[in-house]
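Biologist: I would like to learn how to read a few features of a model. Could you take me through them one at a time?

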Amino acid sequence: YIKTADISLIVKLDESEALSRLDGMRSSLFMAIVGVSIVIVIVAILIARNLINPIHKLTRAAELFSRGDLDSRVELESTDEIGILGETFNIMANSLQESNNDLESRVKERTVDLRRSNQDLEQFAYVASHDLQEPLRMVSSYTQLLSRRYSGKLDSDADEFIGFAVDGAKRMQSLINDLLLYSRAGRQ
């Protein structure tokens with residue numbers, strides 16, 4: 001209805017004529033959706049490559065390092081936070097590997113020192129046991145001689161003292177023999 005002219009206008013359109021424009025829009029809309037989907041997939045792949053792959057490399061290197069592979073390092077070429085984290089991991093790994101190498105060399109040095117010290121100790125025990133045997137044989141012989149000659153001829157205290165001396169000489173002989181046996185066992 002047009003007020004100024006006081007007339008009404010009726011227009012008749014066919015359904016196909018009215019919807020023809022929508023058909024064109026439908027194919028354009030479908031193409032736009034497909035295009036946006038392709039762009040989303042490409043962006044997701046790029047994000048995965050630039051974010052997830054470096055994190056995976058860092059995780060893998062840390063796993064290997066924790067299992068004892070001290071040569072494990074992260075190869076990242078980015079300067080973002082993940083790249084900085086990878087660089088920090090490599091610095092830490094280098095420091096730990098240097099400390100480990102230092103400790104291993106110290107252990108080797110100390111092992112050599114301990115072997116030398118043990119050999120010296122074994123040699124000392126061997127020499128000391130041999131050197132102590134002669135004076136001990138003499139003390140043992142004379143105390144046994146005293147025991148045989150004067151047992152019962154002196155007072156009971158003297159017999160007791162001679163018995164203590166003979167017993168002490170026997171125990172000392174046993175200890176020296178054990179020391180000699182130990183020094184021989186250490187060599188073999």
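Predicted model: local features only at pLDDT ≥ 70, side-chain atom pairs only at ≥ 80, totals over all residues.

Modeller: Residues are numbered from 1 along each chain as its sequence is written, and side-chain values use heavy atoms, with hydrogens and water left out.

Biologist: Which residues make up the largest nonpolar core?

Modeller: A nonpolar core is a set of buried Ala, Val, Leu, Ile, Met, Phe, Trp, Tyr and Cys residues joined through side-chain atoms within 4.5 Å, where buried means under 20% relative accessible area, exposed over 50% and partly exposed in between, with a 1.4 Å probe and protein chains only. Here the largest such core has 6 residues, namely Leu-58, Ala-61, Phe-65, Val-74, Phe-89 and Ala-93. Helix H1 (15-66) and helix H2 (81-150) each supply at least two residues of this core, and the largest share, 3 residues, comes from H1; helices (H or I, at least four residues) are DSSP runs numbered from the N terminus.

Biologist: How many aromatic pairs does the structure hold, and what geometry do Phe-65 and Phe-89 have?

Modeller: Rings of Phe, Tyr and Trp (its six-membered ring) pair if their centres lie within 6.5 Å, and planes under 30 degrees apart count as stacked, over 60 as edge-to-face and the rest as tilted. The structure holds 1 aromatic pair: Phe-65 and Phe-89 are edge-to-face, at 5.9 Å centre to centre with 75° between the planes. The pair links distant parts of the chain, since Phe-65 is in helix H1 and Phe-89 in helix H2, 24 residues apart. Phe-65 is buried, with a relative accessible area of 11%, and for Phe-89 the value is 11%, so Phe-89 counts as buried.

Biologist: Which residues make the nonpolar surface patch?

Modeller: Accessible areas come from the Shrake-Rupley method with a 1.4 Å probe, and for residues only the protein chains shown count as cover. Phe-30, Met-31, Val-34, Ile-38, Ile-42 and Leu-46 make a patch of about 580 Å². Among them, Ile-38 lies in helix H1 and is partly exposed at 47% relative accessibility.

Biologist: Is Asp-6 buried or exposed?

Modeller: Asp-6 is exposed, with a relative accessible area of 53%.

Note on methods:
Patch = residues over 30% accessible without salt bridge, like charges linked within 9 Å, V, L, I, M, F, W, Y side chains within 5 Å. Salt bridge = Lys/Arg side-chain N within 4 Å of Asp/Glu carboxyl O.
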